[in-house]
Amino acid sequence: MKQPVRIALLQMDIALGDPTANFAKAADWIEQAAQSGTDLIVLPEMWNTAYSLDNIREIADQNGAKTREVIGALAAKHGVNILAGSVADVRGEAVYNTTYLFDRTGAVCGEYSKTHLFRLMDEEKYLHAGDQVGRFALDDVQIGSIICYDLRFPELTRTLSLSGAQVVFVPAQWPHPRLNHWRHLQIARAIENQMFVVSCNRVGRAGDTEFFGHSMVIDPWGEILLETDDTEGIHHVQIDLGVVPEIRSRIPIFEDRRPELYRLK
Ligand SMILES: NC(=O)CCC(=O)C(=O)O
């Protein structure tokens with residue numbers, strides 16, 4: 001991938017249980033982001049439905065068909081990669097929370113369904129967990145994809161960095177009162193894995209739950225390159241992946257690991 005990589009984060013509010021409105025808004029914002037010049041557009045978690053869980057099976061995207069059609073067409077039209085946050089999608093009887101990754105031709109080059117379901121928001125009552133990790137190649141760069149609560153499981157991001165990922169993407173719907181957790185977990189994942197962390201969190205309210213935005217881009221040294229506020233907007237940032245090997249050779253944690261010690265006998 002040509003350096004630096006230009007990334008656009010779509011920090012959106014999401015209409016509860018209204019996929020038609022949300023697809024229209026996402027398409028409009030993708031058009032705007034693409035016209036400003038970008039290599040990769042990132043959306044938040046479950047941007048098609050939000051947490052409208054009572055009727056989620058009725059409104060979820062059937063086999064991701066609409067996501068593939070609408071977002072794939074926009075990726076192809078603008079020759080841009082799109083990490084389409086995640087959408088509620090239904091396969092057979094089961095509803096998942098799935099990231100679709102589109103390359104510049106509009107083809108799906110990666111799919112990842114959230115592997116850790118968040119009980120505080122009742123996900124485990126309505127959704128099925130995925131059972132694969134999300135490691136993909138995009139423009140010849142190895143990247144990883146996790147979703148929101150997955151951030152609390154360092155093993156998952158470690159698996160991605162061990163398998164070569166240089167960036168991990170985190171679409172989210174992470175609300176108050178856990179802004180502190182959100183910020184520190186991302187900084188920790190970046191430093192301990194010597195990788196970029198790029199997150200896109202929604203804003204707005206759903207009932208009593210208030211989502212704070214604060215999408216972040218953190219470099220492998222733990223420096224915050226971008227932290228947004230709690231309002232809607234498209235945020236552009238550039239990252240230079242050349243620093244990943246540099247930092248990994250300066251402090252060679254991957255060579256110094258002692259995996260034989262990390263299993264209880
Ligand atoms: N949508 C989510 O997974 C929310 C996770 C969250 O808020 C947390 O504290 O973890």
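Two residues are taken to be in contact if their C-beta atoms, placed from the backbone, lie within 7 Å. By this criterion, and leaving aside residues up to four places away in sequence, Val 168 touches Gly 144, Ile 146, Thr 157, Leu 160, Arg 189, Met 195 and Val 197. The model is predicted, with local features needing pLDDT of at least 70 and side-chain atom pairs counting only at pLDDT 80 or more, while totals for chains, interfaces and linings use all residues. Residues are numbered from 1 along each chain as its sequence is written.

We turn next to the sheet. Strands count as paired if DSSP finds at least two bridges between them; β8 and β9 (residues 141-145) pair in the antiparallel sense over five bridges. Among these strands' residues, Phe 136 has Ile 143 in β9 as its bridge partner.

Helices (DSSP runs of H or I, at least four residues) are numbered likewise from the N terminus. In α5, Pro 154, Thr 157, Arg 158 and Ser 161 meet Arg 189, Glu 192 and Asn 193 of α6. By class, this contact has one nonpolar, three polar and three charged residues, where Ala, Val, Leu, Ile, Met, Phe, Trp, Tyr, Cys and Pro count as nonpolar, Asp, Glu, Lys and Arg as charged, and the others, Gly among them, as polar.

Notes:
Helix = DSSP H or I, 4+ residues; strand = E, 2+ residues; numbered from the N terminus.
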